[in-house]
Amino acid sequence: MLAGVAMLQTLWHFLFSFFPRAICQGPTDEKEDEARNTTPLPGPGEKGPKMLGKPQDRGTDPTERRPTILLVVGPAEHFPKKIVKAGDKDLDGQLDFEEFVHYLQDHEKKLRLVFKSLDKKNDGRIDAQEIVQSLRDLGVKISEQQAEKILKSMDKNGTMTIDWNEWRDYHLLHPVENIPEIILYWKHSTIFDVGENLTVPDEFTVEERQTGMWWRHLVAGGGAGAVSRTCTAPLDRLKVLMQVHASRSNNMCIVGGFTQMIREGGPRSLWRGNGINVLKIAPESAIKFMAYEQIKRFIGTDQEMLRIHERLLAGSLAGAIAQSSIYPMEVLKTRMALRKTGQYSGMLDCAKNILSKEGMAAFYKGYIPNMLGIIPYAGIDLAVYETLKNAWLQRYAVNSADPGVFVLLACGTISSTCGQLASYPLALVRTRMQAQASVEGAPEVTMRGLFKHILKTEGAFGLYRGLAPNFMKVIPAVSISYVVYENLKMTLGVQSR
């Protein structure tokens with residue numbers, strides 16, 4: 001017990017000696033300084049001074065001087081902030097010795113589990129090949145040379161392998177920046193909500209599923225999607241109008257489209273169709289997640305996370321199941337976005353009107369092109385994201401694989417844009433079919449017939465009507481969804497990835 005306390009006290013001292021530019025405020029007299037530095041640290045059951053975080057309150061006595069460390073911006077400034085955030089149980093922005101002890105105990109247990117999972121040969125050591133294989137199982141590809149660079153940062157004795165002591169000593173005061181969390185940084189997540197419904201579902205680790213963190217991630221993602229879609233709803237409605245009504249004779253531009261909407265129904269008309277678009281997030285996300293988990297079991301992989309081709313297969317099937325379940329809401333969203341002022345009193349009135357005049361089949365117009373659009377969108381989105389991710393890892397990742405927010409947002413935006421570009425003609429045909437109102441005696445236009453008609457009358461460019469406002473909403477949608485997601489995670493108590 002005494003040895004353990006001594007080790008923790010040594011680490012506590014080390015934590016402060018780790019920051020060469022830290023400024024100590026306290027007694028200025030040399031004798032007082034010496035007395036302060038030789039004062040023993042409290043034991044694990046005692047409350048010590050708040051040493052990390054905000055400056056210590058000096059109380060009402062102006063002559064009282066307590067040892068306080070103010071952290072100044074320096075090369076290692078991020079580490080104390082992360083440790084304080086991870087260990088601060090009473091949420092006062094500071095870390096005392098007891099909280100520090102609990103943090104180390106919890107963190108060491110996690111590090112032990114991670115070390116065992118990386119040690120494929122069960123020989124008590126991790127080499128470069130094991131790092132490469134472990135990350136490959138999680139969907140991250142790095143070269144053996146890259147793995148050796150990572151090893152060198154932890155290897156103390158020059159053997160190019162890491163034992164438990166080296167692993168623990170390196171990572172114990174690094175709460176985030178370590179190898180196993182590369183996949184969590186780089187997880188291709190549905191938090192990048194651009195209003196499309198063709199994305200591959202998010203994946204969760206075993207720990208996230210066991211602790212119940214997965215549903216908090218889904219709730220945070222759903223809330224972020226709702227805010228993001230609401231903020232970009234005017235651009236989304238303009239896209240639908242241009243997809244359906246724009247032609248060579250009616251060359252609707254962005255400014256003209258907004259002017260037309262406001263003139264017809266006022267500023268509120270810019271958000272027509274947004275209610276149903278937000279409402280369908282919850283059922284679609286839940287169905288897609290449940291279907292994805294079942295399909296993963298059916299595939300029978302023994303890996304914690306699927307490889308890219310397995311994700312594409314499972315994600316496409318899960319997306320098809322979810323879309324089939326909520327597709328009538330997709331048709332309602334299109335009809336509500338296209339409606340004129342006073343045409344329907346609300347979503348239920350619109351649904352009753354469609355059912356009475358066109359029958360149940362009208363709720364599945366455009367279903368085939370919608371299903372066909374899942375594969376090119378999801379496939380290209382995943383492939384581009386993986387390519388950008390691996391390129392960044394190969395070029396820039398040395399001691400840490402944390403790409404930073406900007407790189408993640410850039411990769412998510414580019415991959416989503418490429419996916420939309422590939423599937424856009426199918427999306428346009430789907431929207432036009434959804435917009436078709438049944439006219440007695442009129443022939444039903446098929447997907448193939450609509451493609452031919454567009455190519456004949458408008459050319460290939462006609463398949464990309466509305467692309468400009470669609471791309472205009474990508475960057476704000478991704479940025480808004482990310483910011484809201486991060487804030488909702490904190491509110492829900494979700495551990496940061």
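Reader: Before anything else, what counts as exposed here?
Author: Exposed means over 50% relative accessible area, buried means under 20%, and partly exposed is in between. The model is a predicted one.

Reader: Fine. Which of those classes does Asn-122 fall in?
Author: Asn-122 has a relative accessible area of 66%, so Asn-122 is exposed.

Reader: Where is Asn-122 in the fold?
Author: Asn-122 sits in a loop, with helix 4 (97–118) on one side and strand 5 (125–126) on the other.

Reader: And what is its phi?
Author: The phi of Asn-122 is positive, about 55°, although the residue is not a glycine. Met-160 is another non-glycine with a positive phi, in its case about 60°.

Reader: Where does Met-160 lie?
Author: Met-160 is in the loop that runs between helix 6 (144–154) and strand 6 (162–163). Its relative accessibility is 29%, so Met-160 counts as partly exposed.

Reader: Stepping back, how many helices and strands are there in the chain?
Author: The chain has 21 helices and 6 strands.

Reader: What share of the chain is buried?
Author: Of the 497 residues in the chain, 50% are buried.

Reader: And what part of the contacts comes from residues 24 or more positions apart?
Author: Taking contacts in the chain with a separation of 6 or more, 74% are between residues 24 or more positions apart.

Reader: Now helix packing. At what angle do helix 18 and helix 19 pack?
Author: The angle is about 110°, and the axes of helix 18 and helix 19 (residues 447–458) are 10 Å apart. Roughly perpendicular covers 65 to 115 degrees, so helix 18 and helix 19 are roughly perpendicular to each other.

Reader: Which residues meet there?
Author: From helix 18 they are Pro-425, Leu-426, Leu-428, Val-429, Arg-432 and Met-433, and from helix 19 they are Met-447, Leu-450, Phe-451, Ile-454 and Glu-458. The residues of this contact divide into 9 nonpolar, 2 charged and no polar.

Reader: What about helix 18 and helix 21, how do their axes cross?
Author: The axes of helix 18 (residues 404–435) and helix 21 (residues 474–492) cross at roughly 135° and come within 10 Å. Helix 18 and helix 21 are therefore oblique to each other.

Reader: Left-handed or right-handed?
Author: Helix 18 passes helix 21 in a right-handed crossing.

Reader: Is Ser-481 buried or exposed?
Author: Ser-481 is buried, because its relative accessible area is 0%.

Note on methods. Residues are numbered from 1 along each chain as its sequence is written. This is a predicted model: local features need pLDDT of at least 70, side-chain atom pairs count only at pLDDT 80 or more; totals for chains, interfaces and linings use all residues. Side-chain values use heavy atoms; hydrogens and water are left out. Axes are lines fitted to C-alpha atoms, for helices over the stretch in contact, and angles run from 0 to 180 degrees between N-to-C directions. Helices (H or I, at least four residues) and strands (E, at least two) are DSSP runs, numbered from the N terminus. Angles under 35 degrees count as roughly parallel, over 145 as roughly antiparallel, 65 to 115 as roughly perpendicular and the rest as oblique. A crossing is left-handed if the near helix is turned anticlockwise from the far one by less than a right angle, and right-handed if clockwise. Buried means under 20% relative accessible area, exposed over 50%, partly exposed in between (1.4 Å probe, protein chains only). Contact means heavy atoms within 4.5 Å. Ala, Val, Leu, Ile, Met, Phe, Trp, Tyr, Cys and Pro count as nonpolar, Asp, Glu, Lys and Arg as charged, and the others, Gly among them, as polar.
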